[in-house]
Amino acid sequence: MYFNSLDFALFLPIVFVLYWFVTNKNLKLQNALLVVASYVFYGWWDWRFLSLIVFSSLVDYTIGLQLNKAAQPSKRKLLLWSSILVNLGFLGFFKYYNFFIDSFVDAFSFFGSSIQPNTLDIILPVGISFYTFQTLSYTIDVYKRKLEPTQDIISFLAFVSFFPQLVAGPIERATNLLPQFFKKRQFHYSQAVDGCRQILWGFFKKVVIADNCAEYANQIFNNSSEHTGSTLLIGALFFTFQIYGDFSGYSDIAIGTSRLFGFNLKQNFAFPYFSRDIAEFWRRWHISLSTWFRDYLYIPLGGSQGGTWMKVRNTFIIFLVSGFWHGANWTFIIWGFLNALYFLPLLLAKRNRTNLDVVAQDSKLPNIKELVQMGLTFGLTVIAWVFFRAESVTHAFTYLKGLFNTSLLTVPTIRPTNLLVLILFFIGIEWIGRRQHYAIEVLLLKQSRGIRWAFYMIIISIIFVFNSDNQQEFIYFQF
Amino acid sequence: MRLFLKHILLFAVLFFIIEKSAWFLLELAPNRQYDRRLENLINGKINKDLLVIGSSRGAGNILAGQLEKQTGLTSYNLSYQGSNVNFHEFILKTALKFNKKPKTVLLAIDNPTQFIGDISIRYRVDVLQPLTKYNYINKTLVKEKVNNTLSYAFCLARLNKNHFRFKNREAPTMNPLDSFGTMPLIKKKNLNLVYSDTISAYSKALEEDSRLKAFKNIQLICSENNIELIYVFSPNFRAFNTSFYKRFKALVTKNQKIIVFNQDNQVYENQSYFYDYAHLMDKGAKIFTSEISDFINSNK
């Protein structure tokens with residue numbers, strides 16, 4: 001089920017009413033309702049893949065309990081590796097099987113021997129990369145004794161499959177989300193209203209910004225050889241806003257929906273396009289994934305301990321794995337590599353933790369230095385996104401070659417005024433709200449209810465009107 | 001909880017009322033259009049003996065005014081550039097729903113792309129979108145999955161970003177619409193055309209079921225309403241595609257009327273009569289329309 005569908009518009013109020021009015025007296029029943037609702041939500045797409053989630057959940061639930069009983073380090077290690085193998089095995093098969101086969105074939109062809117590939121027609125189960133990482137975090141935390149394993153299977157199933165964030169995150173840690181299923185949830189007016197507000201902004205980002213940018217980005221990327229440098233720049237910029245609007249929009253809807261049910265999820269995006277350097281960008285972009293890799297890969301690898309070589313090696317591993325997590329294509333790996341390259345000078349100069357605060361923290365506008373830093377960082381990310389969006393590495397290079405030539409100074413052939421105005425409005429609102437968890441969190445809260453509601457109605461009207469003819473799937477569903 | 005539900009309900013009711021002001025924009029939208037043929041059709045203003053339906057080949061190659069003069073049948077052209085056979089079916093159904101039944105329908109055939117999934121001819125939702133104030137059009141757009149079901153209740157859901165075009169649509173200089181609904185090509189394209197004798201083989205594998213179904217529906221609608229359906233093959237600046245024609249013949253009954261341009265006429269091998277490979281200039285259209293008139297007159 002997609003958030004931007006009429007099915008969800010009916011599903012959400014039904015679950016909300018059942019949750020707060022029918023099952024509210026019994027915590028177990030309320031959690032069971034969430035499990036059923038989550039399975040319906042997921043099964044709406046393809047019920048056959050529910051078995052994967054259930055199996056994965058049961059494996060980690062059982063291993064968690066066994067880890068608690070096992071005292072021997074070797075047995076505990078064996079249990080941990082069983083969980084890792086099962087979870088990454090599924091992920092590897094569904095997501096990477098064909099990629100590895102194709103890459104082997106290419107490698108053999110390169111050395112002159114031709115082999116017949118035996119690829120499979122595999123459907124990628126939606127959200128597999130997200131819930132796999134979520135369950136893995138549980139087992140690893142139990143193994144590291146950071147978390148007590150739960151005996152409450154219903155809560156555990158609800159934790160793995162919690163519908164707002166099941167298919168595209170935020171990737172929640174068991175330490176944050178799981179305990180919330182054990183406590184009775186109270187309905188708070190302010191929390192619910194805040195949730196609605198965040199859902200509204202998420203829809204604006206997805207339906208208005210992302211889907212409309214997608215229309216033009218697709219048009220330009222799909223026929224990139226026919227466009228001038230300036231139009232290719234417009235295409236890259238549109239994709240930059242598309243991916244942000246799409247993914248952070250999904251996160252906002254997920255977090256907002258969770259708040260309607262009394263849950264608090266972690267912030268996943270913190271206005272990354274206002275970052276002053278790449279290190280800051282990565283502290284603000286897809287935070288739940290970055291911190292997952294930091295805690296479960298970077299730190300176990302030695303993190304920033306050890307010498308310079310170790311730091312560089314670990315940084316490259318993190319970025320390459322992150323790229324590969326996004327998809328089984330060399331374009332994603334190059335995208336990761338490029339980000340590692342961007343990061344490297346900051347790491348070597350020990351300047352990767354200089355911009356920890358919010359840009360222009362105490363002023364309305366950034367100063368010249370901040371503006372230049374933001375511009376440069378944004379420019380670098382735009383170039384990297386070209387690899388992320390391109391069909392192949394060759395396509396990305398041809399795209400960039402077409403972009404960086406004299407035709408960059410001509411007037412772009414595609415320049416939709418309506419959309420450009422909307423993007424400016426969007427950037428303005430995001431800038432005003434950059435100190436909050438999401439842009440309109442406190443916007444107009446000091447004004448009268450009438451003014452606030454008028455603003456929300458304007459946003460809803462824009463969503464209605466700019467609801468793209470070519471409604472796009474959420475990009476991160478494919479990951 | 002009670003306060004939250006009260007506020008949500010109040011907000012929804014207020015929004016439902018306020019959003020109705022969007023009707024003003026829906027009302028304005030058709031007035032900005034240059035081509036008002038579809039609106040006239042919905043308002044029952046196209047009561048003619050003969051209708052021309054098709055894509056750009058119908059719009060520019062068949063001159064309805066000349067047909068009226070030469071056949072004595074009141075004629076109107078309802079062809080839309082870039083439209084496919086599914087759209088032609090919609091036009092025919094709309095014509096019959098709101099207007100007097102025509103005696104004759106000329107269906108311009110796109111040789112050889114009539115039934116294949118060619119993206120250059122499509123269902124012209126952009127022609128319908130400015131007219132969403134009409135429930136009939138909105139229903140069609142919902143069916144075409146352009147509008148969603150919310151548009152039955154919300155005016156805003158009928159609006160589209162195209163409604164925010166502040167400039168009126170102006171007449172195209174290349175092929176302005178005449179009072180008979182025809183869009184003859186009057187300005188030559190700066191293009192050197194080379195006549196080709198090669199005939200590409202037609203592949204049934206590329207056909208789309210929905211297009212074949214729409215074509216069959218047009219036949220059925222005409223036969224149920226006693227309308228004479230005549231298929232029209234206009235000239236291309238290349239040899240006539242007999243491979244497609246053979247396939248086409250298999251999809252129509254033996255006694256159905258088909259007009260194929262006069263292949264012996266040397267004019268159709270002269271590039272000055274063509275705008276591009278598929279479209280005639282107005283002087284070429286005059287010659288071809290005379291052929292159609294002769295056919296109609298001889299079959300009266």
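Contact is taken here to mean heavy atoms within 4.5 Å. By that criterion, among contacts in chain B between residues at least 6 apart in sequence, 79% join residues at least 24 apart. The structure is a predicted model, in which local features need pLDDT of at least 70 and side-chain atom pairs count only at pLDDT 80 or more, while totals for chains, interfaces and linings use all residues. Residues are numbered from 1 along each chain as its sequence is written, chains are lettered from A and ligands numbered from 1 in the order in which they are written, and side-chain values use heavy atoms, with hydrogens and water left out.

The C-alpha trace of chain B spans about 80 × 40 × 35 Å along its principal axes. Of its 300 residues, 53% count as buried; buried means under 20% relative accessible area, exposed over 50% and partly exposed in between, with a 1.4 Å probe and protein chains only.

Helix H6(B) is mostly covered, with 10 of its 14 residues buried. Among them are Phe87(B), His88(B), Glu89(B) and Phe90(B). The buried residues of H6(B) pack against helix H3 (37–42), strand E1 (50–53), E3, helix H7 (125–128), helix H8 (135–143) and H9 of chain B. The expected span of a helix is 1.5 Å times one less than its number of residues, and the 14 residues of H6(B) should therefore span 20 Å, in agreement with end C-alpha atoms 20 Å apart.

The same check works for helix H9 (residues 209–224) of chain B: its 16 residues should span 22 Å, and its end C-alpha atoms are 22 Å apart. Buried residues in H9(B) include Arg211(B), Phe215(B), Gln219(B) and Cys222(B). An α-helix has 3.6 residues a turn, so residues three or four places apart point the same way. The cover over the buried residues of H9(B) includes helix H6 (85–98), strand E3 (104–108), strand E4 (228–233) and helix H10 (242–250) of chain B. Just after H9(B), Asn226(B) takes a positive phi of about 55°.

Between the chains, the axes of helix H17 (residues 449–465) of chain A and helix H1 (residues 2–18) of chain B come within 11 Å and cross at roughly 60°. Axes are lines fitted to C-alpha atoms, for helices over the stretch in contact, and angles run from 0 to 180 degrees between N-to-C directions. H17(A) and H1(B) are therefore oblique to each other, since angles under 35 degrees count as roughly parallel, over 145 as roughly antiparallel, 65 to 115 as roughly perpendicular and the rest as oblique. Residues making the contact include Trp453(A) and Phe464(A) of H17(A), and Phe11(B) and Phe15(B) of H1(B). The contact residues divide into 10 nonpolar, two polar and one charged, where Ala, Val, Leu, Ile, Met, Phe, Trp, Tyr, Cys and Pro count as nonpolar, Asp, Glu, Lys and Arg as charged, and the others, Gly among them, as polar.

Within chain A, helix H5 (residues 128–143) and helix H6 (residues 153–161) pack at an angle of about 135°, with their axes 9 Å apart, which makes H5(A) oblique to H6(A). Tyr131(A), Gln134(A), Thr135(A) and Tyr138(A) of H5(A) meet Phe156(A), Phe159(A) and Val160(A) of H6(A).

Notes:
Helix = DSSP H or I, 4+ residues; strand = E, 2+ residues; numbered from the N terminus.
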